[in-house]
Amino acid sequence: MTVSAFVDAERPFLIELDAFSGPLDLLLHLIREQEIDIADIPIARIADQFLDVIETLGLNEAANYLEMAAWLLRIKIQVLLPRPFDDEGWEDPRAQLVRRLLEYEQIREVARWLEGQADLRSAQFSHGFVPEPPEPEPAPIELDLQEVLDAVDRVLEAIPRRVLHRVVPRPLDVEGATERIVALIEDRGKLDFTELFDDESRITDILSALVALLELARIGRVRLRQRKPFGKMGISDGPAVTTG
Amino acid sequence: MDRLSQLVEAALFSADGPVSVNTLCTLERDVTKPEILDALDNVRRQYAEAGHGVELVEVAEGFQLLTRREFADAIARAQLVTRPRRLSGPALETLAIIAYRQPVGRAEIEEIRGVSVESVLRSLQDRGLVDVVGRSEGTGRPLLYGTTPGFLELLGLRNLDELPRLEELSVALRSPEDVHGMG
């Protein structure tokens with residue numbers, strides 16, 4: 001996009017919007033274009049031109065450009081203020097601007113150098129060169145209102161109308177297992193862990209019994225005895241002893 | 001070429017990036033740095049003198065076999081490879097600042113460039129050209145960025161010392177005194 005910005009009635013010049021990487025870039029462009037000595041910037045003129053350009057380019061809403069515009073206007077006013085008689089300690093209000101511009105120009109020169117180096121290097125390929133995958137442009141979405149509404153309907157339809165609450169029975173019955181084990185111990189004095197189950201036992205029965213046993217052992221109601229890892233586990237009346 | 005030179009050549013051929021001398025030293029037991037450097041010199045001379053389409057290049061603190069520049073266009077035209085994407089102006093400016101000021105925080109980069117650099121920083125990080133190298137001691141302990149070996153590789157630089165010295169640039173920073181009181 002090229003916009004003709006008539007910031008100087010005598011010397012209209014072209015400004016390319018995409019060409020600017022920021023307010024300092026634009027400012028440098030104005031200064032170089034008019035062959036202005038960077039050490040003696042006609043600040044009032046440059047500030048006005050800067051404002052004109054950002055307005056023309058619609059950049060006046062970009063915070064970066066506005067900040068720069070505000071700074072330029074402040075310097076413009078400071079320059080207008082009468083200079084103290086005693087020059088000692090007086091700093092040109094433009095000094096900081098000049099420093100930033102020079103610093104930025106220097107960075108730009110380095111950036112150009114980097115670009116040249118990268119171009120040179122890109123002319124040499126390594127073995128097994130793997131090209132970077134091109135960045136896919138996000139496809140522009142073209143929809144009319146009806147299509148959007150249809151899509152919304154489809155989403156709404158996909159949502160289940162009723163939420164079913166299913167009450168899952170408590171899978172472990174530790175209380176029941178505890179009662180059974182206590183009854184068995186009282187009846188027989190001692191028994192083996194495997195005797196608590198038969199062919200009908202489900203995994204939840206075994207787990208319930210195990211939890212119940214551990215709890216009974218913890219409170220000292222039964223003793224558990226297992227001679228070796230994964231070996232037989234004896235259950236007897238009395239205080240808990242977990243290993244034999 | 002002697003056996004060690006051949007081994008070094010084979011290692012460089014098989015690697016997918018620059019290989020450091022230290023890594024080359026691990027190729028064989030009891031091999032010394034000077035021996036590896038000799039071998040590298042043999043490989044370099046072999047390619048240069050016998051006339052080859054590839055050459056030995058010193059880059060990113062290491063060595064790499066690369067095709068000779070003069071064949072780039074033909075190779076790219078035949079679509080055997082694609083040249084890497086070029087960096088945008090903002091990306092190059094941001095890289096330049098990081099290269100010279102590292103370790104450097106985002107605020108300082110934005111101060112110099114006069115714009116927000118958040119997204120450009122992220123894409124440089126995604127391309128493996130810069131990375132977080134620490135945290136500043138300042139308020140909020142902001143992240144500090146530095147360049148990576150990938151940066152040197154992209155530019156074909158041996159190390160950061162090959163960046164132009166600021167005094168060599170045509171735009172010299174004037175001291176504040178030069179500007180002071182002018183007008």
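Student: In what order do the three strands of the open sheet in chain A lie, and is the pairing parallel or antiparallel?

Tutor: Strands of a sheet pair through backbone hydrogen bonds, either parallel or antiparallel. In this predicted model, the order in chain A is β3-β5-β4, with antiparallel pairing. Strands pair if DSSP finds at least two bridges between them; strands (E, at least two residues) and helices (H or I, at least four) are DSSP runs, numbered from the N terminus. Residues are numbered from 1 along each chain as its sequence is written, while chains are lettered from A in the order in which they are written. Local features need pLDDT of at least 70, side-chain atom pairs count only at pLDDT 80 or more, and totals for chains, interfaces and linings use all residues.

Student: Which are the edge strands?

Tutor: β3 (190-192) and β4 (222-226) of chain A, each pairing on one side only. Between β4(A) and β5 (233-237) of chain A there are five bridges, and A:R225 stands opposite A:G234 in β5(A).

Student: Which helix touches β3, β4 and β5 of chain A?

Tutor: Helix α6 (174-188) of chain A packs on the sheet, at about 120° to β3(A). Such angles run from 0 to 180 degrees between N-to-C directions, with axes fitted to C-alpha atoms, for helices over the stretch in contact. Contact between two residues requires C-beta atoms, placed from the backbone, within 7 Å. Helix α7 (203-218) of chain A lies across β4 and β5 of chain A, at about 115° to β4(A).

Student: How many residues of chain B are in contact with chain A?

Tutor: 46 residues of chain B contact 42 of chain A. α5(B) gives the largest share of the chain B side, eight residues.
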